[in-house]
Every structure is written in structure tokens, then in C-alpha cells.
Amino acid sequence: MSQEKQSGTGFRRLTAQRLVAIFLLGGVVFNWPLLSLFNRQAELFGIPLLYLYLFGSWLVLIVLMAVVIEGKGD
Amino acid sequence: MLQGWSIVLASLAYLGVLFAIAWWADRRADSGRSVIANPTVYALSLAVYCTTWTFYGSVGRAAATGIGFLPIYLGPTLMLSLGWFVLHKMVRVAKANRITSIADFVASRYGKSPLLGGLVTIIAVVGVVPYIALQLKAVSNSFTILLHHPDIVMPTGLGAVPLLQDSALYVAVGMAAFTILFGTRHLDATERHEGMVAAIAFESVVKLAAFFAVGLFVTYGLHGGFQHIFDQAELVPRLAKLMVAGDSAANYGSWAALTFLSMLSVLLLPRQFQIAVVENVNPDHVRRAVWLFPLYLFLINIFVLPIALGGLLRFPTGVDADTFVLTLPMAEQGEALALFVFIGGLSAATGMVIVETIALSTMVCNDLVMPVLLRWKSLGLAERRDLSGLLLEIRRWAIAAILMLGYGYFRLAGEAYALVGIGLISFAAVAQFAPVLFGGLYWKGGTREGALAGLLAGFVVWAYTLLLPSFSKSGWLPAEFLSHGPFGIELLRPQQLFGLAGLDEISHCLLWSLLANVGAYLALSLRRAPDAMEARQANLFVDAPVGGGSLSSWRGSARVADLLALVERFLGVERARTALGRYARSRGASRIEELQADAHLIHFAESLLAGAIGSASAHVMVASVVEEEPLGLDEVMNILDEASQVRAYSRELETKSRELEQATQELREANERLREVDRMKDDFISTVTHELRTPLTSIRAFSEMLFEDPKIDLAERSRFLGIIVSETERLTRLINQILDLAKLESGRADWTPVAVDLSEIVRESMESVSQLYRDKGVTLECSLPASGLEVMADRDRLMQVFLNLLSNAVKFVAPGTGRVEVDVAATDDAVQVSVTDNGPGIAHEDHEVIFEKFRQGTGNNGTLTDKPQGTGLGLPISRQIIEYFGGRLWVESPPPGSAMAGARFIFTLPLPTTQKEQT
């Protein structure tokens, strides 16, 4: 909750830039051509590759967003 | 065994719980301990995004296309990563401008245009109707299926069901009643619904829990975990294909299109805007939502594919994949779980319907009905005392009408599509708001016409390429419309417009509609510069100033009583007085009546009204009691462009300081000159006194000698007296000359130039000095032109100059061999007179010095001439006189060795014009 006390006018500059970077990363990861690399009949740990890739990178993205926005920032 | 009544009872109990939560949250809010002022509640309430589309439809989509259900959730994740910019800014702008809906937002942005608000409302209602139909279909289907428990029976074709036996109708009526009871209990000045948000957050938890329960049941109950279920699916060729996506360009294209579409929808759907922007308590809550909402989406999707595969394995045919979430537990005797799933689906549907219809009814009331009613003079609404009841009434009817429209669409077109297909039609409709909304949020150039044209163009293309085909597919329009185009014009086939084939219908619609939308928006916006009102609003939205924008731009006059009466009419007396009383206290006044009707109060009143009737109507109503002086475009531009003002100030400052510097420099120079003059004056006085003392000393010395020694012989005595007389004469002459000079320099010399004959003056002067020359044995020669030369001058003064020059010359030549020549010659416009001697001459560096006061020249040999034989004032005086008559006086040294190698004094005098004509 201590984060909430930092209510303020501006965004922390670096945080904002990191979030844009995450957006760009997501745009690349979730689309052709990277997507096509994993779009094949294969399994890893018994899970279809495409399914694992999408959910895995999605989770990584969410964790990155949480770390960036809830972190100390500067 | 599930009976119909037990399902209905469970449903009612669930709705009762929602009511209790809403009531509790409202009570908490009233006592100042808001439940929803919490970032986690905010993030959970955002999950109203997940409707029955997600709850039932995702599995259906996954059963048909495998991973194809996922872009709808990846898009919002990407948008939320930009939430720190986009959503946060929208919330700030909405709070500063008391925005109550997306229609209000757009209308307010483009100069509070009622027309624009109305258009957005119509698009939103028409666009969202299929989405509401989707919820009705899902709930009525799940109810029908559950009713036939334990048999798995698919709902029959709806066309066959008589209207009054159609469960969807009762679902629609029930939901309308529920939403009316729930959402329009009272009119809130800020159009915020604390209780509703709390209930929505609770519903988000319920639907996630229900879906998770099914997921766990299928994956770990029916199968041995993820790996097992995938392994089994691999064995069925039809299912194995679901593990990969179609590897074609079109497939990746529609993947990207769906991602983009859902990115926009998560903020632009009326209910998403309502929850994310209007109901937001604190902009900083966006921070947690940025990751928590995507995480929610992640969790609710993780079991979609396993359930779809489990369903396909369990029911190879005969069961609609959209119902797997419900039918799988039913088939496995999971009675309680099936009921829980039904409740979860109900919560997904009610959440969506409540927020969506409340948002839409607010828009219909504020941006469609009220502007018309208020302008309808014969109704006399503008004079009615209390309108708050009327506002609520309009909203209730709007909610009922919207749900009936949804039901109508469901009857007409609901059968032709799967759940997701219906939802995407709505997504594509609200995507039409994107250009005007995001354009308006980041670009100041958009105008009212541009926004109207963009929205209209996009909406028409959407309706033509997506809405009408959905009617056609369900047989309501002839099938030829789709296959051969209207009137057989193949080029206009709705889903291959202008022959564009190879895209799925959503990508196709998105491409053409956004192309038309953005094109029209830009083209019409760029036709003219924004007017004063648009520019002011653009500034408020694009710059999103902290603290509500500049009130200084408002000018006008109003009375407090008028404003109070106005607010009372729309909010009710009690609520209006409470709000204004609080405002009065915050301004330091004890009572409302003591308030000043200034720009702040008017702004406050307008925003209070905006909460009730929307910004466009509020602006009109306030304008009716306020005599607002219209703002000129120039003034607004001046106010807006503060940067340029600052620049102008600094330019001015720069100029001023430069001028100051210049003035300082001039003053310094003047001061310098004054010091110089002062020094010269001191020098002059000391020189004068020195010069006066010399003869005085001599007179005094000889007088004392005569006085003290009476025995001096006569010859000696007369010599002394002679010296005294000559020194006295010299003193007199000196004093005369000093006075003369002072007169000349002060310009007070009174002489009158008349025509004088120069030759005569020369001759007279030579005569008067002839004795002096003869005494010293100096030759004086003269060459004069025959004719008389007349110049304009003062006779006595000119003579004074001649005498001075001649007596100077004789002083410096050697006795006996001395020789002085006077030469007078006339040029075109002047006469030149020279006096040349054969004395020692004047050193070149002294040529100007000798014209200074009390300065006397040195000889050409560099030694000082003998003790002053004159006063040292003759030449300065002469130069003054000549310059007074417009001539020049200077000295030259002829080269040594020539016949007259002494000094040559020359002066010129201008000839009068008459003289010139004669010559």
C-alpha cells in the first residue's frame, strides 16, 4: 500500500519508458514472424509448443509489468 | 436432480447477494470508508471485460480454431502495458472535466457538441446490441441445458420456439428489471456507482472461481493433468490440428487484427470506459491494474484449451462446443459443479449487462434524449422545477429498451453465429471510436466536423460490412445480398468490398471502416483550424493539465440564486444544497448565499450538472442562466499559447535591457564629456588668471619701486611709468579679448553681417599696421584683384581678424629682412585670403594647437618662441569669427627652401549668391 501513497502528478520517467519497451516486446513476441517459429507440431514437457510459448511469454510479460510498475523506479 | 425452480431460486439468491454487496458498499461509501477505493478492487472490476463470451465462448472458439481464442486477451495485456500513458491520461481528463460516458468524452473534446454526443450514443447502442444478445443467448442456453439435466440436450432452433416460451425473453426481462432496480436507485451527481463497482468486483471473483473449478475438474478430474489431456488429443488427427495455428499470411493477419481490435475494445466498450475511467476513484489505481488485470486474463484462459479438448474427446459430435463448460460437469454427474458453473456464467452475463446498460442508458439520457427535450420548447422542460425524477425515468426506460433491442437481435441473427462471432461484431463497432478518441487525446487539430464525419463514415462501413451480413446470414435479408452484392453489383459485395478477398470478415470490416473513419476524420479536421471552443477543449484534453484546466478563459456574469435553482432542478433540492454547501465551505464561505458567482462557482455548477446530464447539456443549461461573453478566437489563442506569451515577454525584456544599456552608455559618454568640459573650464580659468597675473606682477613691481624710492631719477622714472602704461594696456587688451571670447563662445555676440568690400578692409588693415612694419623694417606686400569683392560679414570683426594675422606675422619675422605677403583670390563660390611670412614657420604638430586658447606655437627648430608677445587668444578668436561667417581658418607650412618658407595663414569666406552670379 505504500506505493499508493506516491500519488502524484507525474509518471516516473524511467518507469514509463520501460513500460513502452514491454509493449513493444509484447507486440513482437505475440505476432508474426516470431510466432511462426513456434507454430509447429511439437511438444515440450508434454505441452504443445505454440501453447507453451504463448502462455509462457504472456506470463513473463505480466511479471515484467508488475516488477516495473510496482518496483521502486527512479 | 435439478428442477427449474431450484435453478431460478439459486439465481435469485445469487442476485440477492449482489444486492447486499452493493448496498453494503454504498453504506460504506456514505460513511466515508469506500470499499472500492482500492487498487485491487479496481483491477477486479476491470475484469467485467470477461463476459459469457469468455466464460462459454472461448472454449467454443478454441474447439474450432485452437489457440485462436487468445488474441482477445493478448490485446488488453498490451493496452494495459500502455495503461500508464493512455488509461491514466483518460482518467485524469475525465476527472478534470466530469466526464460521465464515452459519448460525453468525445462530445466534450470537440467543443461540447451535442450532435457528436448523440452520434456516439447511437453507434454505441447499435454496436453493443449484438453483444447484449450474446449474453442473453448464453444465459438462456445454459438455463435450458441445465433444465434438461441429466440429459445433454442442445437448445432447438429458436425460430421454432414461440415468443412466450422463449427463455431468452424472460432472461431479458429479468435482467432489465434487475438492472433498473440495481443501477438507477438514485441519481448521483458524479455518475459514480460505488455499490455497482463492488458487486462487479465480486462477480469477477465468482466467474473466475467457477471457470477454474471446471478447468481443474476436467484437467485433473477427468484426465491426468495437462500432459495427459494433450497426449490424448494428439492421438485424434482432428484435435492434433488444434495444437497449431493456420500457417498462412491471412491467419497471422487476422491474429494481429484481433489483437489490435481487442486492444481498442478494452478501453472503448461503453462498460469498459465506465468502469476504467468514470468509476475510477484514484488515477493511481491504474498502477496495480496494469499487471493484475492481465494476470486475471491469464488465469481465466489457462484452462480454455484443456476444457475444449476434453469436451471434444468426450462429445465427438452433437454438443455445441460453446456449452462444454456446462455440459462436461453435467455429463460426469457433477450436479453441484454444474450449478456453480451456471452461476458463474450468470455472474459473467449480469456483470456485463449491468454495467453496459447503465453506461448506455446514461449516454442515451444525457446525450440523446435530454438535449432534444431541453430544446423542445412546448414541453416547457426548461422551466420545470425538479427534473431529477425525469432523468431517472428516462434511464429506466433506456435500460429496458436496450435489453429489448438485444433480445430482438438475438431472435433475428443470434443463431447464425457462435458466441465469439457475435461479440466481435460489437468490438468492430466500438473500434470506430478509436480515431476520434485517441486522436482527440493526443492531437489538437481535430474538429467537430472531422469527428462527426469520421464516426459516421466508420459506422456506415461497419454496418454495411458486418451488421447487415449478420442479418443476411440468419435469413432476415436475402442471401444474394452477400453472395452477389446489392442489386447484383458484385463490386459492392459486403464482405468482399471492391473485390478485396482473402480476409476474414472482421479484418475486412476493420480495414475498410477504419480507413474510411480515419480518412474522413483527418480530411475534414484539416479543412479549417479549430475554433475557440474546440481549441480550449483540445488544450484541456491533450495537455491534461493537473487541477482541471484554466478557468481564466471564462468570462461572464451570473447570479448565485440562478445557479442554485438550476442545480436543484436536476439534482434535487437536498443533494444540490449539500454539494454547494460543501463547496461554499471549501471556499471559506459559511453559507451558499455568501458565495461569489465567479468563474469557479460556475465551473463547479457546470460539472455538477455534467454528472447528471452530460457535459454538452450541462454547458447549454448553465449558459441559459449565465450571460457568457463569447470568447474570441484570438483571446483563446492567447490564453492557450502561454509559451508564446512568455516568449513575447522575454523578447520585450531583452529589448528593454538593450535600450537601458544603450542609455547607460550614452549617459556615461555625456558624463565623460562634462568632465572634460569641466576640466577645460578649470584649465581655462587657471590659464586666464596666470595670464592676468603676469602683467599685474610687472605693474606692481614697478609701482612699488616708484613708491618706495622717491629718489629715482626722472629718466628712470618715465621708463618705469612707460612700462606700467604698456602693461596696463596689455592687461586691458587681455581682459577685452577674454570678454570677447566669452561672448563669442556663448553665442551672445551681437553683430550684423552686411555686404562689405573685402579689398577695402584689407587695405585699411594694412594701413593701420604699416607703422609697425616700418618700425621693424619688414616688407608688406599685397596682391588684390581689381574688382571689389563683396562678402557678407561684420566689418569690424573682419578687420580684427586681419589685424591679428598681420600683427602676428610681423612678430615672428626677422627685423630688416622680414617679408609678409597678403594674397586675395576669388574661387567659384568663395574668396580665399592668405597671409604668408618668411619667419621660422610653425611645426606641423602645432598647426592645430595654436588655435587653442593661450597656446602659442614653437618654431620649426622645435624651440619655444620667445616669451609671449601676445595674449594667446588672438587666433582662437579669429577662428571663431571666420567660422561664424561660414568660412575656415587654418595654417600651412610651405616646404623649407622656397622663397617664403615661413607660416601661411589662410582663411576662406563664402561669396554671397548675388556675387557669384556676377562673376
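Reader: What do I need to know before I start?

Author: Residues are numbered from 1 along each chain as its sequence is written, and chains are lettered from A and ligands numbered from 1 in the order in which they are written. The model is predicted, so local features need pLDDT of at least 70, side-chain atom pairs count only at pLDDT 80 or more, and totals for chains, interfaces and linings use all residues.

Reader: What is pLDDT, and what is the mean for chain B?

Author: pLDDT is the predictor's confidence in each residue, from 0 to 100. The mean for chain B is 81, and 88% of its residues reach 70 or more. Over residues 635-640 of chain B the pLDDT is below 50. Residues 915-919 of chain B are also below 50. Chain A averages 78, with 80% of the residues at 70 or above. In chain A, pLDDT stays under 50 over residues 1-10. The model scores ipTM 0.86 and pTM 0.65.

Reader: How many helices and strands does chain A have?

Author: Helices (H or I, at least four residues) and strands (E, at least two) are DSSP runs, numbered from the N terminus. Chain A has 3 helices and 2 strands. Their order from the N terminus is α-α-β-β-α.

Reader: Which residues of α5(B) are buried?

Author: A residue is buried if 20 or more other C-beta atoms lie within 10 Å of its own, exposed if 12 or fewer, and partly exposed in between; C-beta atoms are placed from the backbone. In α5(B), the buried residues include B:L87, B:H88, B:M90 and B:V91. Helix α5 (residues 86-97) of chain B has 12 residues and reaches 16 Å from its first C-alpha to its last. That is close to the 16 Å expected at 1.5 Å a residue, where the expected span is 1.5 Å times one less than the number of residues. After α5(B) comes B:R98, with a positive phi near 50 degrees.

Reader: Is B:L268 buried or exposed?

Author: B:L268 counts as buried because it has 22 C-beta neighbours inside 10 Å. B:L268 sits in helix α12 (residues 249-268) of chain B. Now take contacts: two residues are in contact if their C-beta atoms, placed from the backbone, lie within 7 Å. Beyond four places in sequence, B:L268 touches several residues, including B:I102, B:F273 and B:F433. B:F433 is 165 residues away in sequence, yet the C-alpha atoms of B:L268 and B:F433 are 6.9 Å apart.

Reader: How many residues does each chain give to the contact between A and B?

Author: Chain B gives 32 residues and chain A gives 33. On the side of chain B, α14(B) gives the most, with 6 residues.
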